[in-house]
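Subject: Structure for your review

Hello,

Here is the structure I said I would pass on. Please open it alongside this message and read the notes below with it in view.

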Amino acid sequence: MQSSNRKALLGLTLFLILFPVVAMNVSAIGHYLDIMIFVGIYCLINMGLSLLMGYAGQISLGHAAFFGLGAYTSGILCTKFSMSPWLAMVAGVGITALVAYIVGVPSLKLKGHYLAMATLGFGVIVHIFFNEEVSLTGGPSGFSDIPGLSILGFSLNSDLSYYILVWFLVLLTLIFSLNVIHSRIGRALRSLHDSELAADAMGVETSRYKVMIFVLSAVYASVAGSLYTHYVGFLSPSSFDFFLSIKLVMMVVVGGMHNIWGALLGTWLLTFLGNEWLHVFHDFDILVYGAILLAVVMFLPDGLVHLVPRMSRVWKRG
Amino acid sequence: MNTESSPLFLHVENLQKSFGGVQALKGLSFKVSPGIIKAIIGPNGAGKTTLFNVITGVFPPNGGAIALNGMSIEGCKAREIARLGVSRTFQNVEVFGRMTVLENVMVGRHIQSRAGIISTGLRLVGMRREERQIRESAMQHLAFVGLENRATELAANLPLGEQKLLEVARALATDPKILLLDEPAGGLNTRETEGLAALIHRILEQGITVVLVEHDMNLVMDISDEIMVMNFGEKIAEGKPKQIKNDPLVIEAYLGEEVDYSDL
Amino acid sequence: MTKITLTGQLIQYLFTGVTVGSIYAMVAVGFNIIYNVTEIINFAQGEFVMLGGLIMVFFTVTAKLPLPLAFVLTVAAVTGVGALMERFTINPLKNASVLTMIIVTIAVSILFKGIAMFVWGKDPYIFPPFSGSKPLFFYGAAIQTQTLWVLFMTAVMVVLMTIFFKKTRYGKAMLACADNPEAARLVGIRVNVMILISFALSAAIGAVAGAVITPISLMEYDRGALLALKGFGAAVLGGLGSFYGAVVAGIFLGIIESMCAGLVSSGYKDAVALILLLLVLYVRPSGLFGNVEASKIKEF
C-alpha cells in the first residue's frame with residue numbers, strides 16, 4: 001500500500017478511536033455517535049460508488065435500490081422467518097449480487113446518459129416494488145420490530161458497540177478497496193475510464209470489469225442496508241427512494257469522485273449537514289444540497305478532497 | 001494455441017468494410033511474414049487506419065478473412081486479438097491520461113497476469129509476487145523506449161512525442177508477436193524520428209514483426225522490408241521500397257501531394 | 001347518473017392515457033431539442049413542467065390575472081429560467097465530460113425543486129380548468145374539457161416546432177449545429193447562441209405542458225423527476241432525437257400506463273413505463289420507431 005494511504009488510514013483509525021471518547025464526554029455532541037453510525041453506513045455504500053463512478057467511470061443513479069434490497073432481505077428474513085441476522089445479511093448479499101448482475105450486464109453496455117437513466121429507472125422500479133408488495137414489505141408504512149445484532153451472545157444494542165462494528169467493517173472495506181485500486185484490477189478500471197478503446201486493445205475485458213465492479217458496489221450497499229436495518233429496527237420504502245440515490249452520488253461527487261478518500265469525506269460532510277447542521281433550514285435542505293452540488297461541480301470538479309494536499313502544503317509552509 | 005514459440009503469419013484475404021454506404025475497404029488482400037518491417041502507405045482516406053481497426057477487432061469486417069497462422073480471427077473482440085499476440089498503438093494517441101506513465105505500461109501487462117478480485121483485495125501472497133513482476137517488467141519496457149525517468153508522471157502531462165513512445169512501451173508490455181504502429185512518427189521532429197527508426201529496429205531484433213502505417217516517406221523507405229500502397233480502400237502496389245519508388249500507379253496516386261522523390 | 005359501461009371505461013382510460021401521454025410527449029420533445037443541439041440530456045427537463053404548473057398557479061390564483069395573460073407570462077418566465085440555466089451552468093462548462101454534464105443538470109434540478117419547495121411548500125396546487133369544469137360525455141365516458149386543451153396544445157407545439165425547424169433560419173441553424181458543430185461554426189453560425197435557444201425553447205415547451213396539465217393532475221414541487229424519467233422513456237422509445245417518434249411514443253406510453261392502472265394495478269402504473277424504458281434500452285437503444293442508422297445520424 002502506498003505510504004500516503006497508510007498515513008491517511010492511520011489518521012482515520014486514530015480519529016475513530018478518539019471520537020467516541022470525546023463525544024461521550026461532551027454532552028452537546030453526545031448524539032454525534034449516532035450520526036457517525038449513519039456516516040459509516042453511507043460510507044460503505046459510497047466506497048463502492050466511488051469505485052464504480054470515480055475509478056471505472058460508470059454512473060449509477062440507482063444505488064438506493066441495492067441498499068434497500070439488503071435492508072429488506074435482512075428485515076424480512078429476520079422477522080418473518082426468524083433467521084439469524086448474520087445469515088440474513090449473507091442472504092441479502094447473495095440476492096443483491098444476483099440482481100445487480102442481472103441488471104448490470106445489459107445496463108453497462110449502455111454509456112453516459114443512457115446508463116444514468118437505466119439505473120435511475122431500475123431504482124424507481126425497486127422502490128415501487130417495496131411500496132406495492134404489501135404482504136412482503138408492509139407497503140408504504142413498512143414494518144418494525146426488527147431484532148438487533150449480537151456477536152457470540154454479546155448484544156450490540158448500545159450506540160458505542162454498533163459504532164465499533166460499523167466502523168470496523170468500514171475500515172476493512174476501505175483496505176480491501178484500496179488494495180483493489182492499487183492492483184491490476186484497479187488499473188484495468190481506470191484504464192477503461194480513460195480510453196475504453198485502448199483498454200480493449202491491451203486485452204482488458206472491459207465489459208466484464210464494469211459488471212464486476214457494479215456487482216461489488218451493490219454488495220457493499222447491501223451490507224450497509226443490513227447494518228441499517230438492524231440499527232434502526234424499522235423499515236419503510238421512503239428510506240430507499242430515488243432521492244437517496246441522488247444524495248449518494250452527491251456525497252461522492254462533493255467529496256471528490258476520483259479518490260476513495262473523497263467519497264468518505266463527502267459522506268461525512270453531507271451526512272452531518274443533513275442530520276445535524278442543516279436543521280436550521282428545516283425542510284429546505286434540498287435547496288442547500290442543490291447549491292452545494294452545483295458549486296462543487298462547477299468550481300471544484302475534483303471535489304473537496306482535492307483541497308487537502310493544498311491545505312497541508314500551506315500548513316507546512318506556515 | 002501457444003504463441004510463445006511459434007512465429008505468427010498474418011493473412012488478410014478479400015477484406016471489406018463499409019460505414020453507412022461508404023466502402024472504406026474494398027476487398028483487400030495481403031500477408032505479413034514474421035520477422036519483417038512492413039509499411040502501409042497511401043493518401044489520407046485510403047483506409048489504412050480502418051484496416052488496423054478491423055484487424056485488431058475494433059470493428060467487425062463486412063466480408064473477407066483475417067487469419068493468424070491459418071486460424072481465422074475476423075470478428076474476434078479486440079481483447080481476444082490482444083491475447084493472440086497482436087498489439088497496437090493509435091493514430092490519435094490513446095494513453096490513459098490520469099494514470100502515471102508506469103501504470104500505463106502496467107496495464108499492458110494485464111493479459112500476462114491473472115490475480116482476481118479476492119486475491120487483490122486481500123493482497124494474497126501470489127498476487128503480491130505477480131504485482132512485483134508486473135512492475136519490474138513494465139519498468140523494463142519503459143527503459144526499452146527510454147522513458148524510465150518519466151515513470152511517476154501523469155501520462156497526460158507528457159509531450160506528444162513521449163506519449164507515442166509510451167504507447168509503444170504499453171503495446172510491447174503485452175508480449176506481442178506482431179506490433180501495429182499507427183503513424184508513430186506523426187508530430188515528431190527529425191531527431192525524434194531518427195530515434196524512432198532505431199527503436200523499431202530494436203523491436204524487430206526482439207523477434208516482433210512490425211507493421212506500420214506512416215506518412216513520413218523517408219522513414220518508410222529507410223526502414224521497411226516491404227511496402228504496401230493503398231488508395232480508396234484498395235491495394236495499388238506492394239513490394240520492396242525500390243520497386244514502390246518507381247511504380248507508376250503509386251506516383252499517380254501521390255501526384256496531388258507532390259512528393260519529392262529526389263530525397264527518397 | 002349514467003351507467004358505467006365497459007366501453008365507456010375503456011374510452012375513459014384511453015382519454016386519460018392520451019392526455020398524460022401528451023405531457024410525456026412534450027417532455028420528450030424538450031429532451032430532444034437540447035439533445036439534438038448539444039448531445040446533453042437535461043435531467044432538469046421535468047422541473048420545467050413543474051415550474052410551469054406552479055407559476056401558472058401563482059399568476060391565476062394568487063395574482064388573479066386573466067388566463068391568457070397568465071399563460072403567456074408563465075411561458076415567458078420559465079423560458080427565462082431555461083435561458084438562465086444555460087448561461088450560468090451549461091455555458092461555463094465547455095468540454096466537460098458526460099458524467100459532469102449529467103451531474104450538473106441533476107444539481108440544477110435539485111436546486112429548482114428546492115426553490116419550488118421554498119416558495120410553494122410541499123402541498124399540491126391546482127387552478128381552474130381553462131373552459132370550466134363541466135365534463136363532456138362521450139360514449140358513456142366523462143371527458144374533462146381540459147383534456148381537449150392538452151391535446152390542442154400538443155398539436156400546436158408539434159406544428160410550431162415543425163415550422164421552426166424546417167422553415168426558419170434559426171431552426172435550420174440549430175439543426176446544422178446538431179449535425180456538425182465545427183462545420184456550423186465555420187459557416188458563421190453562433191453555436192453558443194443556438195445552445196442558449198435550445199434550452200429556452202425546451203423550457204418553454206415544459207412550461208406549456210405544466211400549465212395545461214395542472215388543472216387535471218395538480219402540481220407539486222417534486223413532480224419533476226418522474227416526469228423527466230417517463231419523458232426520457234418516450235424520447236428513447238421514439239428514437240432519441242426524433243421529434244415525431246417522441247410524440248407517438250409519449251402518447252403510446254400514456255395509454256399503456258392508463259390501461260394498466262385501470263385494468264391491472266394502479267400501484268404498478270409508474271413501473272410499467274419504466275420497465276418498458278429498460279427493455280427498450282437493453283434490446284433496442286435506437287428506439288422502437290427509430291432505426292439504427294438514423295439514431296447515429298441525428299435528425300428530427
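This is a predicted model: local features need pLDDT of at least 70, side-chain atom pairs count only at pLDDT 80 or more; totals for chains, interfaces and linings use all residues.

Chain A and chain C

In this pair, 38 residues of chain A are in contact with 44 residues of chain C. The two chains bury about 3700 Å² between them, and carbon and sulfur atoms give 86% of that area. On the chain A side, the residues that lose the most area to chain C are A:His113, A:Tyr114 and A:Met117, which together make up 21% of what that side buries. The largest share, 14 residues, comes from helix 5 of chain A. By class, the side of chain A that touches chain C has 30 nonpolar, 5 polar and 3 charged residues.

Chain B and chain A

Here the contact takes 36 residues from chain B and 30 residues from chain A. The buried area is about 2800 Å², with 60% of it on carbon and sulfur atoms. B:Arg98, B:His110 and B:Ile117 supply 24% of the area that chain B buries against chain A, more than any other three residues. Across this interface the rule finds 4 salt bridges and 15 residue pairs in polar contact. Several elements of chain B give two or more residues to the side that touches chain A, among them helix 2 (78-83), strand 6 (86-88) and helix 5 (125-145). That side of chain B divides into 16 nonpolar, 9 polar and 11 charged residues.

Salt bridges

Over all chains, the structure holds 20 salt bridges. One of them pairs B:Arg98 with A:Asp194, the closest N and O atoms being 2.9 Å apart. B:Arg98 lies in the loop between strand 6 and helix 3 of chain B, and A:Asp194 in helix 8 (residues 184-194) of chain A, so the pair joins two chains. B:Arg98 is partly exposed at 44% relative accessible area, and A:Asp194 is partly exposed at 22%. A:Glu205 also forms a salt bridge with B:Arg83, again with the closest N and O atoms 2.9 Å apart.

Within chain B, B:Lys38 meets B:Glu226 in a salt bridge of 3.0 Å, N to O. B:Lys38 lies in strand 3 (residues 37-41) and B:Glu226 in strand 9 (residues 226-231), so the pair ties together parts that are 188 residues apart in sequence. B:Lys38 also meets B:Glu238, at 2.4 Å, N to O. B:Glu238 lies in strand 10 (residues 234-239), so this pair ties together parts that are 200 residues apart in sequence. B:Lys38 is buried, with a relative accessible area of 0%, whereas B:Glu226 is partly exposed at 23% and B:Glu238 is partly exposed at 33%.

Cysteines and A:Leu160

A search of the whole structure finds 0 disulfides. B:Cys76 is partly exposed, at 22% relative accessible area, and C:Cys177 is buried, at 1%.

A:Leu160 lies in helix 7 (residues 159-181) of chain A and is partly exposed, at 29%. Leaving out residues up to four places away in sequence, A:Leu160 touches A:Pro20, A:Met24 and A:Leu33.

Regards

Key
Residues are numbered from 1 along each chain as its sequence is written. Chains are lettered from A and ligands numbered from 1 in the order in which they are written. Side-chain values use heavy atoms; hydrogens and water are left out. Contact means heavy atoms within 4.5 Å. Buried area is the accessible area (1.4 Å probe) that two parts lose on being put together, summed over both. Helices (H or I, at least four residues) and strands (E, at least two) are DSSP runs, numbered from the N terminus. Ala, Val, Leu, Ile, Met, Phe, Trp, Tyr, Cys and Pro count as nonpolar, Asp, Glu, Lys and Arg as charged, and the others, Gly among them, as polar. A disulfide is a pair of cysteine sulfur atoms within 2.5 Å. Buried means under 20% relative accessible area, exposed over 50%, partly exposed in between (1.4 Å probe, protein chains only). A salt bridge is a side-chain nitrogen of Lys or Arg within 4 Å of a carboxyl oxygen of Asp or Glu. A polar contact is a pair of N or O atoms within 3.5 Å; within protein, one must be able to donate a hydrogen and the other to accept it, and residues adjacent in sequence count only if both atoms are side-chain atoms.
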